[in-house]
Amino acid sequence: MVAAPGENLRINGDRLWDSLMEMAKIGPGIAGGNNRQTLTDDDATARRLFKSWCEQAGMTVGVDKMGTMFATRPGTDPDALPVYVGSHLDTQPTGGKYDGVLGVLSGLEAIRTMNDLGIKTRHPIVVTNWTNEEGARFAPAMLASGVFAGAIDIDYAYGRKDPEGKTFGEELERIGWVGDEEVGARKMHAYFEYHIEQGPILEAEDKQIGVVTHCQGLWWLEFTLTGREAHTGSTPMNMRVNAGLAMARILEMVQTVAMDSQPGAVGGVGQMFFSPNSRNVLPGKVVFTVDIRSPDQAKLDGMRARIEAEAPKICEALGVGCSIEAVGHFDPVTFDPKLVTAVRNAAERLGYSHMNLISGAGHDACWAAKVAPATMVMCPCVGGLSHNEAEEISQEWATAGADVLFHAVVETAEIVE
């Protein structure tokens, strides 16, 4: 029987909050949030700060060839596989102060609390900062964890380009964070990830803790539509080859497909590029990405098949060229029942209200679950708002989830009396 931490053992909520606010000073947004996109100079600065904090806590920091950081606190058994806990420090262009960062710094806070209390564990504990979780600058999202899990080829990852044509590999080298570890060489005993919900359910149900049992699968389908540039004022309506109109009709079709797939399915578009993007020129090219998600594999695949069948017909009717590339994907994930139970038991032991959740967003835990037992902990966020500079949580919510994370991680790593 593995000993569980006593219910009186808690993390230092003030210290965690101070760390969050200090990290938020790096890559500030324009409206109170953060713009700390992956492999930018601000990302490099955030990495250096995180590394310094880890080393101050007595950990050693390794880096793999995708730039992912692994900060290790040794265990008492040199042969025991480590318990990993992590998330990401990169943000959306208009991101909040907590998405991803909360999970990384709560893992660090767990180590600091263990140091304060003199807790030793049989298994090492590794706090992880995954590279390019967001996928905002380089698609797909969860790029480094996908390579780690063997689902994405590292050469493909290195070749991914941002909107300015800069490649992931070049930018990783430029900021000085190409590590020497082979990606995926590390083996995990278990993986935990703590995250804000990025949805409204916990707040609406007045629950402090989300016990995450599953994660939706997703497809990112990048469309390139080819029309003909022409003057918007002098080109007759019946002589236009309008890629913008084709895009609009595809967006409406995606909405219909998602609604026809209810319940448990979503679809939409959050990014598009018009070329030449001039007020009085019909676009010659439109590039946009359709994002579809569901926890049901058959439903997810059915949505993709229908969209890929109907979009070319829409374009053909308008004389517009259409190509579709899948630039991001993972199947629905069922998290490890034993670790899910450890999270639920920790919440109950600590007296925090909780409920089961299916994560609507993708996370590095989805790829980690392919190579090790994994699960997630979630806390509420105000109004369910995320990927927005107005993203907000309370210190009390942050602390409650970090307490649960601490208990579940330490119990899984096996306290040594």
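Predicted model: local features only at pLDDT ≥ 70, side-chain atom pairs only at ≥ 80, totals over all residues.

Q: In what order do the strands of the open sheet run, and is the pairing parallel or antiparallel?
A: Here is the general idea. Strands of a sheet pair through backbone hydrogen bonds, either parallel or antiparallel. In this structure, the order is β10-β12-β8-β13 and the pairing is antiparallel. The sheet is open and has four strands.

Q: Which strands stand at the edges?
A: Those are β10 (266–275) and β13 (321–330). Each has a single partner strand, so one side of each has no neighbour in the sheet. From one strand to the next, the twist averages 15 degrees.

Q: How many bridges join β10 to β12?
A: Nine bridges join β10 to β12 (residues 285–294).

Q: Which strands does helix α8 touch?
A: Helix α8 (residues 243–260) packs on the sheet and touches β8 (217–226), β10 and β12. Its direction makes about 170 degrees with that of β10. Now look at another helix, α9 (residues 297–318). Helix α9 lies across β8, β10, β12 and β13. It runs at about 5 degrees to β8.

Q: Which residues does UniProt list for the peptidase M20 dimerisation domain?
A: The unreviewed UniProt entry lists residues 216–313 for "domain: Peptidase M20 dimerisation". In the model, that span is 36% helix and 35% strand. Its end C-alpha atoms lie 29 Å apart.

Q: Now a strand elsewhere. How many residues of β6 are buried?
A: Buried means under 20% relative accessible area. In strand β6 (residues 190–196), seven of its seven residues are buried.

Q: Which way does β6 run beside β3, parallel or antiparallel?
A: Strand β3 (residues 83–87) and β6 run parallel, joined by three bridges. Val-83 stands opposite Ala-190 in β6. Strand β16 (residues 374–379) also runs parallel to β6, with six bridges between them. There, Phe-192 stands opposite Thr-375 in β16.

Q: How many aromatic pairs does the structure hold?
A: There are ten aromatic pairs. To read a pair, look at the distance between ring centres and the angle between planes. Phe-70 and Phe-148 form a tilted pair, 6.2 Å centre to centre, with 40 degrees between the planes. This pair links distant parts of the chain: Phe-70 is in strand β2 (residues 69–73) and Phe-148 is in helix α4 (residues 143–148), 78 residues apart. Phe-70 is buried at 0% relative accessible area. Phe-148 is buried too, at 6%.

Q: Why is the pair of Phe-138 and Phe-168 edge-to-face?
A: Planes over 60 degrees apart count as edge-to-face. The planes of Phe-138 and Phe-168 are at 80 degrees, so the pair is edge-to-face. Their ring centres are 5.6 Å apart. Phe-138 lies in the loop between β5 (125–129) and α4, while Phe-168 is in helix α6 (residues 168–174).

Q: Which residues form an aromatic cluster?
A: Phe-70, Tyr-84, Trp-130, Phe-148 and Tyr-191 form one.

Q: Where does the charged end of Arg-304 sit?
A: It sits over the ring of Trp-219, 3.9 Å from the ring's centre. Another case is Arg-112, which lies over the face of Trp-53, 5.4 Å from the ring centre.

Q: Which residues does UniProt list for "binding site"?
A: The unreviewed UniProt entry lists Asp-99, Glu-134 and His-387. They span 289 residues in sequence, yet no two of their C-alpha atoms are more than 9.6 Å apart, so they gather at one spot.

Q: Is Glu-134 buried or exposed?
A: Glu-134 is buried, with a relative accessible area of 6%. It lies in the loop between β5 and α4. Its contacts include Asp-99, Trp-220 and His-387.

Q: What does Ala-4 touch?
A: Setting aside residues up to four places away in sequence, Ala-4 touches Arg-349, Glu-411 and Ile-415. Ala-4 lies in the segment before α1 (13–23). At 36% relative accessibility, it counts as partly exposed. Ala-4 and His-407 are 403 residues apart in sequence, but 7.3 Å apart in space, C-alpha to C-alpha.

Terms used
Residues numbered from 1 in each chain as written. Heavy atoms only, no water. UniProt positions renumbered as here; feature names shortened; annotations may be inferred. Helix = DSSP H or I, 4+ residues; strand = E, 2+ residues; numbered from the N terminus. Buried < 20%, exposed > 50% of the residue type's maximum accessible area, 1.4 Å probe, protein only. Contact = heavy atoms within 4.5 Å. Phe/Tyr/Trp six-rings, centres within 6.5 Å; stacked < 30°, edge-to-face > 60°. Lys NZ or Arg CZ within 6 Å of the ring centre and 35° of its normal. Pairing = 2+ DSSP bridges. Axes fitted to C-alpha atoms, helices over the stretch in contact; angles between N-to-C directions.
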